[in-house]
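Welcome! Please take a look at the structure below, and then let us walk through some of its charged side chains together.

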Amino acid sequence: MNTNPADEIKCPFLAMAMPPSDFQGFVRACQNYGMSYPMALLVTCQVTTRQKGFLALLKGETPDLHRLDEVEGISHTDLYSAYLSEARTMANEIAVDGQITLQDLVTIKEWIASQENVSIIDSSKIETALIFLGAGGDLETSLVSVDDVFTLLQGIQPSSYGEVTPAKLAQARKMARWQI
């Protein structure tokens with residue numbers, strides 16, 4: 001097993017899964033951690049093709065988990081991991097009964113972007129909605145457990161893991177109000 005921190009699996013969703021050995025294993029890993037089958041299949045096809053090419057997709061190769069942050073048009077450099085402690089402190093300060101809102105997650109993500117002097121890109125907006133849903137966020141109340149958010153961000157399955165579907169992702173994205 002590779003223990004080089006530079007080679008860590010950067011996606012918290014996939015860090016929770018055993019490294020898949022084939023294409024369908026990658027799809028199942030995505031499903032096991034909340035993605036609907038169509039969404040998991042789409043993501044796996046896109047990532048495989050953009051990382052390794054169409055021939056690799058046809059051969060059923062799995063994406064390279066250690067290079068997920070290099071997938072042009074899908075991924076971006078992870079910024080949460082460098083600020084987990086500060087983000088957790090912010091979340092705890094604004095939490096009510098151990099919960100924050102989706103909008104609180106947006107505010108934290110915007111703060112992280114300001115620390116890095118970067119713009120919020122579409123991938124960051126998707127990521128924030130994924131974290132909210134994956135941590136068991138409730139679309140009716142817009143609430144999510146602080147503990148579950150930060151457990152997920154560490155690549156550990158939270159106690160209230162939620163299903164991620166294209167419809168739920170679209171709904172969460174519409175609910176979020178971005179300032180930057």
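Let us begin with Lys168, which counts as partly exposed at 31% relative accessibility. Here buried means under 20% relative accessible area, exposed means over 50%, and partly exposed lies in between (1.4 Å probe, protein chains only). Glu163 is also partly exposed, at 44% relative accessibility.

Lys168 and Glu163 form a salt bridge, with their closest N and O atoms 3.9 Å apart. The term stands for a side-chain nitrogen of Lys or Arg within 4 Å of a carboxyl oxygen of Asp or Glu. Side chains of opposite charge can pair when their charged atoms come close.

## About the model

The model is predicted: local features need pLDDT of at least 70, side-chain atom pairs count only at pLDDT 80 or more, and totals for chains, interfaces and linings use all residues. Residues are numbered from 1 along each chain as its sequence is written, and side-chain values use heavy atoms, leaving out hydrogens and water.

## A linked network

How many salt bridges does the structure hold? There are 5, and some of them join up: Lys52, Lys59 and Glu61 are linked in a network.

Glu61 is partly exposed, with a relative accessible area of 27%. Lys52 is partly exposed at 36%, while Lys59 is exposed at 57%.
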